Amino acid sequence: MLIAQLWCLLFGATICAEVRSLSLSHSEDNIRSELFKGAEQAMLQKMGLQSRPRLRKGEKDEVPQYMLDLYHNHINDPEWISTNFRNKGKWTFANTIRAFDHEGDHLPVPMSGLPTNRWNLFFDIRSLPSQETLTAAELRLTFSGGKNHSNETAPVVQQLVDIHQVMLPQTAGHPAITRLIDTRRTTGHGIEIFDIKPAVQHWALNPDENFGLEVRLVTTDESPKVHMSADKRATKDTKPLLVTFSHDGTQHVYRRRKRRSRRSTGNRMAKDSTYCQRLPLYVDFVEVGWNDWIVAPPGYPAFYCNGDCPFPIADHLNTTNHAIVQTLVNSVNADAVPRACCVPTTLNPISMLFVNEHTKVVLKNYQDMVVDGCGCR
């Protein structure tokens, strides 16, 4: 019943009640199966997933290094705990980051029909939740071959890259209608980042009008030949990538990390104490069968609260005035009101990097996942 106990701790009285009702008419195996299915679906819904992701072999390994770097940079912040992410060194109002690969098989206009200095890109963003607030959208392109190897002493030639949103695709005898979204100069070597939020906002509101982007490289006769990694031969870290930053509207957490002493376990109680305290609980995603679609972390220390809140309640039990009064009344008449309970008083978020049911890479912060402090309430 280890998994059942885990879900009971995560979901509280509702799931525990299910355990008791199931035990009246089902075997242990059936209890475990039905409990797990119900708890799993409840947790997936809290995570914003409609169903459990079912990935094909190798899909989990196609996570861009950029998304892994974002994850590690966030969890390793030495000073701050936040449900929002940083972008280019600045805090944003975004607790969710998604990566969308260029889908070459769904181009509305064949790439062969464009000049050699133009590329069409298409990103399927239909899985972007409509209830989330889009705060930023970036196009990350990898260029190569921008150096003039025939003359190493020659100055680096900068070239202009224009990003156009395709408003209407080209037809026989009629060129595509586009609008300029962003432009920047590049040396033609390395990663360039473009702001395409207006295009993504338009696609989100008008899914049938997503005709992709057109990348135009403005060159001269003296410009070195530049290539963009836009075909299937490109690696996962050089393919065109659309990255969106959004917020799902949940409460924002932003505070400094605590500096815990080695002698402190949150409530300064001895390990064998029966008083209210924080106790260890590690959630292992391998054990619950989620390691095939969760990239990171492999698990996390969730902790839980347990113990007595005796009368009189000591100050170090992190209580409230209401809990003190409730415990006082209970000491006089135990039938009138129960004792105060040992519950989490401070909860921290965790970051999760995973591949969702639409095979899109998602980096999301989930609040209230780790017990940071316990008290009598």
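User: Over how many bridges do strand β6 (residues 133–144) and β12 pair in the antiparallel sense?

Analyst: This is a predicted model, in which local features need pLDDT of at least 70 and side-chain atom pairs count only at pLDDT 80 or more, while totals for chains, interfaces and linings use all residues. Residues are numbered from 1 along each chain as its sequence is written, and side-chain values use heavy atoms, with hydrogens and water left out. Helices (H or I, at least four residues) and strands (E, at least two) are DSSP runs numbered from the N terminus, and two strands pair if DSSP finds at least two bridges between them. Leu134 stands opposite Ser246 in β12, and the count of bridges between β6 and β12 is seven.

User: How many residues apart in sequence are the parts that the pair Asp292 and Arg52 ties together?

Analyst: Asp292 forms a salt bridge with Arg52, the closest N and O atoms being 2.9 Å apart, where a salt bridge is a side-chain nitrogen of Lys or Arg within 4 Å of a carboxyl oxygen of Asp or Glu. Asp292 lies in the loop between β15 (282–284) and β16 (294–296) and Arg52 in the loop between α3 and α4, so the separation of the parts tied together is 240 residues.

User: Which residues are linked with Arg52 in a network of salt bridges?

Analyst: The structure holds 13 salt bridges. Arg52 counts as buried at 13% relative accessibility, whereas Asp292 is partly exposed at 35%. The network links Arg52 with Asp292 and Glu40.

User: At what relative accessibility does Glu192 count as buried?

Analyst: Glu192 forms a salt bridge with Arg184, with 2.9 Å between the closest N and O atoms. Arg184 is partly exposed, its relative accessible area being 34%. Glu192, by contrast, counts as buried, at a relative accessibility of 11%.

User: Which residue has a positive phi of about 65 degrees although it is not a glycine?

Analyst: Most residues other than glycine have a negative phi, and most peptide bonds are trans. Asp368, in strand β20 (residues 361–376), has a positive phi of about 60 degrees. The residue with about 65 degrees lies in the loop between β17 and β18, is partly exposed at 22% relative accessible area, and is Phe303.

User: Near what omega is the cis peptide bond from Phe311 to Pro312?

Analyst: The peptide bond from Ala296 to Pro297 is cis, with omega near 0 degrees, and Pro297 is found in the loop between β16 and β17 (299–301). Pro312 lies in the loop between β18 (304–306) and α6 (321–332). For the cis bond from Phe311 to Pro312, omega is near -5 degrees.

Note on methods:
Buried < 20%, exposed > 50% of the residue type's maximum accessible area, 1.4 Å probe, protein only.
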